[in-house]
Amino acid sequence: MLLDRLTQAAAERAERAMTRRRRVTHTACAPHQEVSHGCGEPRTLLSFCSNDYLGLANHPTVISAFAEGAYRYGAGSGASHVVNGHSLAHDHLENELARWLDSHIPGAQALYFCSGYMANMAVLSALGTAGATLFCDKLNHASLIDGALLARAHVKRYPHGNTTALARLLAGSDSPLKLIVTDSVFSMDGDIAPLVELLALAERHDAWIVVDDAHGFGVLGESGRGVLEHLALASERFIYIGTLGKAAGVAGAFVAAHATIVEHLVNVARPYIYTTAAPPAAAHALLASLALIAGAEGRRRRAHVAQLIGQLRAGLETLLACHAEAGWQLADSDTPIQPLIVGGNAAAMALSAALEADGIRVTAIRPPTVPEGTARLRIALSAAHTAGDIARLLDCLSAIVAQREAA
Ligand SMILES: *Cc1c(COP(=O)(O)O)cnc(C)c1O
């Protein structure tokens with residue numbers, strides 16, 4: 001009975017071109033990567049689908065630090081943070097992250113988590129208690145949506161980036177604890193939340209702001225400290241989540257917030273308490289990664305990505321102008337997330353498949369990850385890409401669209 005139902009559901013997914021299949025990567029995360037379907041022979045593909053925006057996942061300094069951390073602290077942490085799993089490496093990392101965010105969140109402390117998903121579940125469930133209200137952007141990441149489900153708070157959603165609608169909701173609420181919850185850089189669109197306005201609203205309505213900077217940390221800001229540095233914002237009202245498996249190239253996430261909030265999370269956040277601490281080696285590697293991000297190398301890498309973004313956008317704008325009938329749209333983004341909106345699920349899958357036939361991998365993103373009718377190729381750029389890689393992607397897209405028109 002269960003199996004029949006699931007088989008039926010799988011058939012319906014297939015019908016709507018929504019089946020998800022995993023690939024197997026045989027080599028490190030890098031633009032040129034050996035990838036196979038299942039256990040078949042791998043092919044080398046040029047990939048535009050990692051979130052390794054600075055190319056640090058495969059950086060020799062970070063890899064050495066990971067190995068050194070494993071020799072020093074062993075492979076696993078052995079227990080949760082609150083029992084016996086909180087190592088010196090975790091502690092150093094938290095102190096360093098707190099120092100990074102201190103000028104944007106006065107008196108901030110930081111708390112390291114195994115993943116961003118868990119950090120978001122922890123923050124929203126621990127703070128969003130009965131009586132509180134969460135004001136959530138409609139395009140928030142799934143982990144914030146799930147965190148809101150776990151919370152006992154009221155949840156109100158406002159249209160994407162719409163501060164007028166949010167202001168109305170805030171004004172109409174008599175909740176004693178208001179939390180505005182938003183991605184900083186929206187993961188499937190690449191645009192940046194209006195945090196300056198959100199902070200003004202938070203001050204006017206005595207609200208807090210939970211900001212998930214998964215795609216901004218390491219990438220945005222002069223020294224890579226993320227969206228708060230980028231927008232020159234400072235306030236105790238920020239409860240900041242940065243993830244460390246994307247631009248930082250390793251794994252995990254952290255919350256930076258007022259010390260009282262962090263202390264509360266350590267004591268009541270179930271996704272923090274009831275899980276084994278991440279390997280200390282990951283924290284040790286992250287210390288090396290943070291040094292790269294803030295230093296000359298990080299600056300150079302951010303400048304290089306910015307150049308690639310410019311090259312890709314200029315190329316795509318020309319291409320779309322020449323082939324308007326294809327109906328493709330370039331999202332308005334100046335971050336390394338550059339979505340090419342195609343529309344239908346099958347069309348997005350077909351475009352992704354055509355690129356893959358040419359040796360290029362760009363994932364198609366379909367509902368429910370994005371709204372119906374806006375299936376897209378999510379082109380993610382990294383400092384590890386070259387101008388030649390971008391040119392190759394543009395050439396292949398042109399060839400595909402020209403061939404379609406001829407057919
Ligand atoms: C990736 C992502 C997360 C989850 O972080 P993980 O460390 O991968 O679990 C949370 N929020 C956003 C916006 C993300 O893109």
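The end C-alpha atoms of residues 45–395 lie 15 Å apart, and this span is 44% helix and 18% strand. Helices (H or I, at least four residues) and strands (E, at least two) are DSSP runs, numbered from the N terminus. UniProt, in an unreviewed entry, gives residues 45–395 the feature "domain: Aminotransferase class I/classII large". UniProt positions follow the numbering used here, feature names are shortened, and annotations may be inferred rather than shown by experiment.

Before you explore, note that this is a predicted model, where local features need pLDDT of at least 70 and side-chain atom pairs count only at pLDDT 80 or more, while totals for chains, interfaces and linings use all residues. Residues are numbered from 1 along each chain as its sequence is written, and side-chain values use heavy atoms, leaving out hydrogens and water.

**The whole chain**

- The protein chain has 15 helices and 15 strands.
- Its radius of gyration is 22 Å, close to the 22 Å that the globule rule gives for 407 residues, so the chain is as compact as a globular protein of that length. This radius is taken over C-alpha atoms, and the rule is 2.2 Å times the number of residues to the power 0.38.
- Along its principal axes, the C-alpha trace spans about 65 × 55 × 55 Å.
- Of the 407 residues, 52% are buried. Buried means under 20% relative accessible area, exposed over 50%, and partly exposed in between (1.4 Å probe, protein chains only).
- Among contacts with a separation of 6 or more, 70% join residues 24 or more positions apart. A contact means heavy atoms within 4.5 Å.

- The unreviewed UniProt entry marks K246 with "modified residue: N6-(pyridoxal phosphate)lysine".
- You can find K246 in the loop between β9 (238–243) and β10 (253–258).
- K246 counts as buried because its relative accessibility is 18%.
- Not counting residues up to four places away in sequence, K246 touches N51, D52, Y53, A214 and H215.

- V227 lies in helix α9, which covers residues 227–230.
- With a relative accessible area of 0%, V227 is buried.
- Leaving aside residues up to four places away in sequence, V227 touches S184, I192, L195, V211, D213, L220 and Y240.
- V227 and D213 are 14 residues apart in sequence, and their C-alpha atoms are 6.7 Å apart in space.
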